[in-house]
Amino acid sequence: MNTVKVSTFSEELMYILPAFRTISLKEMEAVELMSRFDSKYIFHRSLLPSFLKQLQINYKVLRVDHSLLFRYENLYFDTADLQSYVEHHNGKSGRFKVRFRKYVNNNQSFFEVKQKTNKGLTQKSRLNVSDFRKELSSKQLQFVKEQLHGKEPHLLPQLSNDFSRITLVNEADHERVTIDLLIHFENGASERSLDDLIIAEVKQNHPTSLSVFKKLMMAHRIFPTSISKYCLGTLLTHPGIKYNRFKPKLTILNKICDVAY
């Protein structure tokens with residue numbers, strides 16, 4: 001991580017973000033979208049300041065206490081043979097991800113199960129937890145079984161991930177846009193930082209809704225890309241892992257920033 005570049009970039013964002021109208025966590029509950037359709041976009045971080053300035057009229061930015069930029073930590077679980085990764089790689093519908101997530105700014109943590117249905121709908125269920133665990137409790141194992149309709153995969157901690165996030169909300173369109181930056185992965189044996197990559201995700205009730213953010217992406221010829229931070233981090237920290245179906249995504253990533261895989 002180039003700390004000088006990162007510091008300069010963060011300072012620039014702290015100049016732009018206060019120009020947005022703000023929304024509180026409670027106000028954002030109406031746009032929580034635990035069940036939603038997602039569209040992801042990736043681009044170089046140098047484009048972000050200009051994009052944010054163009055979004056100020058239509059979007060509010062999440063503010064918690066005095067913070068507009070939030071740090072997240074994830075701990076992903078998968079089977080020993082990386083079933084979740086392989087199913088995503090193979091394009092299987094009904095795939096799942098299991099993780100702990102910590103909102104670092106307020107020290108709040110959740111245990112989460114995310115599923116992608118065969119209709120492209122993302123469904124997320126979660127439990128409040130006190131902190132991360134390397135071994136799942138009986139309550140958490142039961143929760144996984146319930147969410148996966150009786151399946152009981154033997155899950156192990158496989159990947160840690162942290163990043164910063166900006167959350168924008170368009171209340172009129174019932175839409176949220178999360179903008180993830182300064183992304184870092186590690187698995188105990190290997191680690192990678194993607195400081196120049198932005199992953200933006202549009203979350204909506206209807207997949208065909210053409211929002212202001214989507215129109216901005218189209219204007220800059222940035223098209224939706226199906227990309228999972230878990231799969232990307234697993235790929236980058238597991239040399240030799242199967243990735244042939246991810247090659248087109250790696251080509252796009254390498255045009256944005258050098259992932260050197």
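**Close-ups: a cavity, a strand residue and a helix face**

**View 1. The residues around the largest cavity.** His88, Ser226, Ile227, Ser228, Cys231, Leu232, Leu235, Phe246, Lys249, Leu250 and Leu253 make up the lining of the largest cavity. Here a cavity is a set of points, on a 1 Å grid over the protein atoms alone, where a 1.4 Å probe fits but cannot get out; lining residues have an atom within 4 Å of a point. This is a predicted model: local features need pLDDT of at least 70, side-chain atom pairs count only at pLDDT 80 or more, and totals for chains, interfaces and linings use all residues. Numbering runs from 1 along each chain as its sequence is written, and side-chain values use heavy atoms, with hydrogens and water left out. The volume is about 90 Å³, taken as the space filled by probe spheres set on the points, which are joined across faces, edges and corners.

**View 2. Asp162 and its neighbours.** Asp162 sits in strand E8 (residues 156-170); strands are DSSP E runs of at least two residues, helices H or I runs of at least four, numbered from the N terminus. Leaving out residues up to four places away in sequence, Asp162 touches Arg71, Tyr72, Glu73, Leu182, Ile183 and His184 (heavy atoms within 4.5 Å).

**View 3. The buried side of helix H3.** In H3 (residues 48-55), Leu48, Pro49, Phe51, Leu52 and Leu55 are buried (under 20% relative accessible area, 1.4 Å probe, protein chains only). They lie on the same side of H3 because they cover an arc of only 160 degrees around the axis, using directions from the helix axis to the C-beta atoms.

Terms used:
On a 1 Å grid over the protein atoms alone, a cavity is a set of points where a 1.4 Å probe fits but cannot get out, and a pocket is an open set with protein on both sides within 12 Å along at least five of seven lines; lining residues have an atom within 4 Å of a point. Buried means under 20% relative accessible area, exposed over 50%, partly exposed in between (1.4 Å probe, protein chains only).
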